[in-house]
Amino acid sequence: MNPIVELVDNSFIFIIAISVILLVGVTAVMIYFVFRYSEKNNPKPDQSITGSTTLEILWTVIPLILVLAMFFYGYEGFKEMRNIPPNAMVVKVTGKMWFWHFEYDNKKVSDTLLYLPQGKDVRFELMSADVNHSFYVPAFRVKEDCIPGRTNHMWFHTTNVGTYDIECAEYCGLNHSYMLGKVIVVPEKEYLEWVNKVDSVKTPDSLKTDSLKTGTVKTDSLKTTQLKQDTTKSPGSKKDSIKVVQKDSVKRKEK
Ligand SMILES: [Cu+2]
């Protein structure tokens, strides 16, 4: 069970439901009034209504209760997001123009693809190597800024095996929209095999070459190369992406 997902969805559904009820109600009353109080039906305007204390109290108190209820649901979700389990495993996330870099407990690193074991609480330490980014994993209903010079935190529980999108939710330059990644949740045994595979390798570059040699984590290394090339080249020209595509296709041919 993932408590954050449940709480966020509850508050979302609650706010949508109230909005829909108000929209339909206000529209219906408006349409009714158009006919009921039209000039044709009321040649002489009614001057008798001067004010209503009861009405004024009602239209103050009812919205106040609704807004407080929205706040309550939102706050419940926020509390859960801030209530990071103390024994959660830790992954360091660094946003860089324009890819995501992950570092695991044992110093193993990966780019773009974030491997996690199933059924675990995971705490993320969020950093940025350059500009403001925002680490967003919609399936887990969490999003937190990555700010240069400070470390932010967020967490979620990996409920089911599967692949989930990672996006950058803070406009961070030319290739912001390509700053994508995947959370790959696998059974714990598989995760341990993966995370211990290239124990001795410390840097992302050596991980890249190693995985190419051994032929493991192929998609990982391909994506890493692709995104890395983007960053090393001068940003600000369309040529970048064209070049990357060519290199990518050349590589595939070589294989
Ligand atoms: Cu971005």
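Predicted model: local features only at pLDDT ≥ 70, side-chain atom pairs only at ≥ 80, totals over all residues.
**View 1. Helices α1 and α2 pack against each other**. Let us start with the helices. Two packed helices are described by the angle between their axes and the distance between the axes. Here α1 (residues 3-36) and α2 meet at an angle of about 165 degrees, and their axes lie 8 Å apart. Angles over 145 degrees count as roughly antiparallel, so α1 and α2 are roughly antiparallel to each other. The crossing of α1 past α2 is left-handed. On the α1 side, the residues in contact include Pro-3, Ile-4, Leu-7 and Phe-14; on the α2 side, Leu-66, Met-70, Tyr-73 and Met-81 are among them. Sorted by class, the contact of α1 with α2 has eleven nonpolar, four polar and two charged residues.

**View 2. Ile-84 sits in the loop between α2 and β1**. To find this loop, look between α2 (53-82) and β1. Setting aside neighbours within four places in sequence, Ile-84 is in contact with Arg-123, His-153 and Trp-155. Phe-124 is 40 residues away from Ile-84 along the chain, yet their C-alpha atoms are separated by 9.9 Å.

**View 3. Five strands form an open sheet that includes β1 and β5**. Follow the strands in the order β3-β2-β1-β5-β8, where the pairing is mixed. At the edges are β3 (109-111) and β8 (152-157), each pairing on one side only. On average, neighbouring strands of this sheet are turned by 25 degrees against each other, direction ignored. Now zoom in on β1 (residues 89-96) and β5 (residues 121-128), which pair in the parallel sense over seven bridges. Which residue in β5 is the bridge partner of Val-90? That partner is Arg-123, which is also one of the contacts of Ile-84 in the previous view.

**View 4. Another open sheet of five strands contains β4 and β10**. In this sheet the order is β4-β10-β9-β6-β7, with mixed pairing. Strands β4 (113-117) and β7 (142-146) each have a single partner strand, so one side of each is left without a neighbour in the sheet. Neighbouring strands are turned by 20 degrees against each other on average, direction ignored. Strand β4 runs parallel to β10 (residues 181-186), and five bridges join the two. For a landmark along this pair, find Leu-116, which stands opposite Val-185 in β10.

Methods:
Residues numbered from 1 in each chain as written. Pairing = 2+ DSSP bridges. Helix = DSSP H or I, 4+ residues; strand = E, 2+ residues; numbered from the N terminus. Axes fitted to C-alpha atoms, helices over the stretch in contact; angles between N-to-C directions. Contact = placed C-beta atoms within 7 Å. Parallel < 35°, antiparallel > 145°, perpendicular 65-115°, else oblique. Left-handed = near helix turned anticlockwise from the far one by under 90°. Nonpolar A, V, L, I, M, F, W, Y, C, P; charged D, E, K, R; others polar.
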